[in-house]
Amino acid sequence: MSDKPGILITGASSGIGEASAGLAIARGARVYASVRKPEDGARLVSILGPELVPVIFDVTDDGAVAAGARVVAEMQGGKRLLGVLNNAGGSVPGPLLHMSASELRSQMEVNLIGVHNVTRAFAPLLGCEGANQLTQGQPGRIVMISSVGGKRALPFITAYAASKFALEGYSGGLRRELMP
């Protein structure tokens, strides 16, 4: 267990997730980096150091996400997480009328259902109202990485935009539910 505040970052193997992990560590946090492949976790540790703890799961696998939450809870030793950064995402580009239902479903699974899986599994570690709360520490925060695609749909990335519009609605509703 570390005395540093803990943050879970999904999709930490590249891009915004990797940059966010580096920044959080530089600012004194311990980062639990959600990655799908052990080699991605090892690479991040070699770059960012021992305050990065890889947690292997795919956000679309509800059971694996729940197992990851149990691992993080054990490592936190009863302390709440400072936050969860829901960053994992992807895009399935192409003309919408040529996209199969499974391709559209895949887009929604990562960018919406994956966010729900992570948010639900890690809510107790944040001290969210109604969750099985921990007793130590201030309530944590949930940060969603969305996109301008959640405000404006463009041709050939319509499935992505639909998933981000859905994420915007999910985030707004969750915020209101957690306000009390």
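Two strands pair if DSSP finds at least two bridges between them. Helices (H or I, at least four residues) and strands (E, at least two) are themselves DSSP runs, numbered from the N terminus. Y32 in this structure stands opposite V53 in β3. The strands β2 and β3 run parallel, and 5 bridges join them. Between them the chain passes through α2, and this β-α-β crossover from β2 to β3 is right-handed. A crossover is called right-handed if, with the strands pointing away from the viewer, the path from the first strand over the helix to the second runs clockwise.

A word on the model. It is predicted: local features need pLDDT of at least 70, side-chain atom pairs count only at pLDDT 80 or more, and totals for chains, interfaces and linings use all residues. Residues are numbered from 1 along each chain as its sequence is written, and side-chain values use heavy atoms, with hydrogens and water left out.

Now go to β1. This strand pairs with β2 in the parallel sense, over 4 bridges.

Buried means under 20% relative accessible area, exposed means over 50%, and partly exposed lies in between (1.4 Å probe, protein chains only). In a regular strand the side chains alternate between the two faces of the sheet.

Next comes α1, residues 15-26. Its 12 residues should span 16 Å at 1.5 Å a residue, and its end C-alpha atoms are 17 Å apart, which agrees. The expected span of a helix is 1.5 Å times one less than its number of residues. G17, A21, A24 and I25 are the buried residues of α1. Seen down the helix axis, they fall within an arc of 95 degrees, so they line one face of α1. The arc is that of the directions from the helix axis to the C-beta atoms. An α-helix has 3.6 residues a turn, so residues three or four places apart point the same way. The buried residues of α1 pack against β1, β2, α2 (38-48) and β3. Contact here means heavy atoms within 4.5 Å. On the other side of α1, G15, A19 and A26 are exposed. After the helix comes G28, with a positive phi near 100 degrees.

Helix α3 can be read the same way. It covers residues 62-76, and its 15 residues reach 21 Å from first C-alpha to last, close to the 21 Å expected. V65, G68, A69, V72 and Q76 are its buried residues. Viewed down the axis of α3, they fall within an arc of 105 degrees, so they line one face of the helix. They pack against β1 (6-9), β2 (30-35), β3 (52-56) and α4 (101-126). R70 and E74 are exposed on the face turned away from the buried side.

Look at both ends of α3. At its start, a side-chain oxygen of D61 reaches to within 3.2 Å of the backbone nitrogen of G63. Just after the helix, G77 takes a positive phi of about 55 degrees.

E51 sits in the loop between α2 and β3. E51 and G6 are 45 residues apart in sequence, but 9.4 Å apart in space, C-alpha to C-alpha. Not counting residues up to four places away in sequence, E51 touches S2, K4, I25, A29, R30 and V31.

N86 belongs to strand β4. Is N86 buried or exposed? N86 is buried, with a relative accessible area of 3%. Its side chain makes a polar contact with the side chain of T119, at 3.0 Å. A polar contact is a pair of N or O atoms within 3.5 Å; within protein, one must be able to donate a hydrogen and the other to accept it, and residues adjacent in sequence count only if both atoms are side-chain atoms. Leaving aside neighbours within four places in sequence, N86 is in contact with residues including T10, V115, I142 and M144.

F156 lies in the loop between β5 (141-144) and α5 (158-178). F156 is exposed, with a relative accessible area of 53%. Its phi is near 75 degrees, a positive value in a residue other than glycine.
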